[in-house]
Amino acid sequence: MTENCPIPIDFIKDLMDQLEVLGVNGFIYGTTSDINQGQVHPFRKLEKRLPIKMANCCYGIFSDEGTRIFRDTYLRLFAGNDEGFFEKKVIGPNLWRQPDKGQPLLIKLMEKNGINTRIAWLLPSKFHKSWVNVFILHSSLSQQQMKEALEKHGDKIQRLLEVYSEYFSSKYIHLLNPVTNFKCLTSKSINILQLAAEGTSSPDIAKSLYLTERGVNYHIDRMKVLFGAKNRVQLISRAFQMGILNEMPQPSLI
């Protein structure tokens, strides 16, 4: 099951309190590829947001444990047959299509969790032009009530979510970035990238990881292609830009 980032409880409570005007009783936050805009880098696992791929991502941000369990159950058992999951969504709030009568178990699951309406609220990501930050809001309001609440409070909620998205993505991008979160790179490639970012030479990386120098250079050359980098310096720079190495101290430019 996807792990929850270590968000302070007070942050979650403050956000939930301010989302009360939308009847929100739970939320999910993450960063994913914007398949509506097309993929601009060749990570195959990011080309399609298939439910099982989403369920198997490593990290997300959840308002509570019940919401985390709901997400996992929904993605593994119901999302594949839910037209709302596959509908095109745009930047801003998107009302999720309600399940129909042919989905009684999904309806029962939503009722059990006090969910009458879902909203996918998309925000641009500063880390990559083909990524989006997404809040999935679970609400006790009916869709009609939600439409009225959005008309009245939508601008305020937009600004609120922008602030929290900036905090979440900046602090936890090393966990939430889609490249590592959806396991687009092997752990060996990531270790090599981390050591290269520290200024370690290929021979020393090989010695440290019990590889041949040729094997190290193969991984680096492959990552250059994936990241569209011309050389090792540009590769490391782009890895930092995309949040993949953001848990590390950035190298000095002096």
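**Notebook: sheet and covering helices**

I began with S5: 7 of its 8 residues are buried (under 20% relative accessible area, with exposed over 50% and partly exposed in between; 1.4 Å probe, protein chains only). Strands (E, at least two residues) and helices (H or I, at least four) are DSSP runs numbered from the N terminus.

The model is predicted: local features need pLDDT of at least 70, side-chain atom pairs count only at pLDDT 80 or more, and totals for chains, interfaces and linings use all residues. Residues are numbered from 1 along each chain as its sequence is written, and side-chain values use heavy atoms, leaving out hydrogens and water.

Next I traced the sheet. It is open, has 6 strands in the order S1-S3-S2-S6-S5-S4, and its pairing is mixed. Strands pair if DSSP finds at least two bridges between them. Strand S1 (3-4) and strand S4 (92-95) are the edges, each pairing on one side only.

I then checked the neighbours of S5. S4 and S5 run antiparallel, joined by 4 bridges. Asparagine 94 has alanine 120 in S5 as its bridge partner. S5 and S6 are also antiparallel, with 8 bridges. They form a hairpin with 6 residues between them. Leucine 122 stands opposite valine 134 in S6.

Threonine 32 has valine 132 in S6 as its bridge partner.

Last, I looked up isoleucine 52. It lies in helix H2 (residues 51-55).
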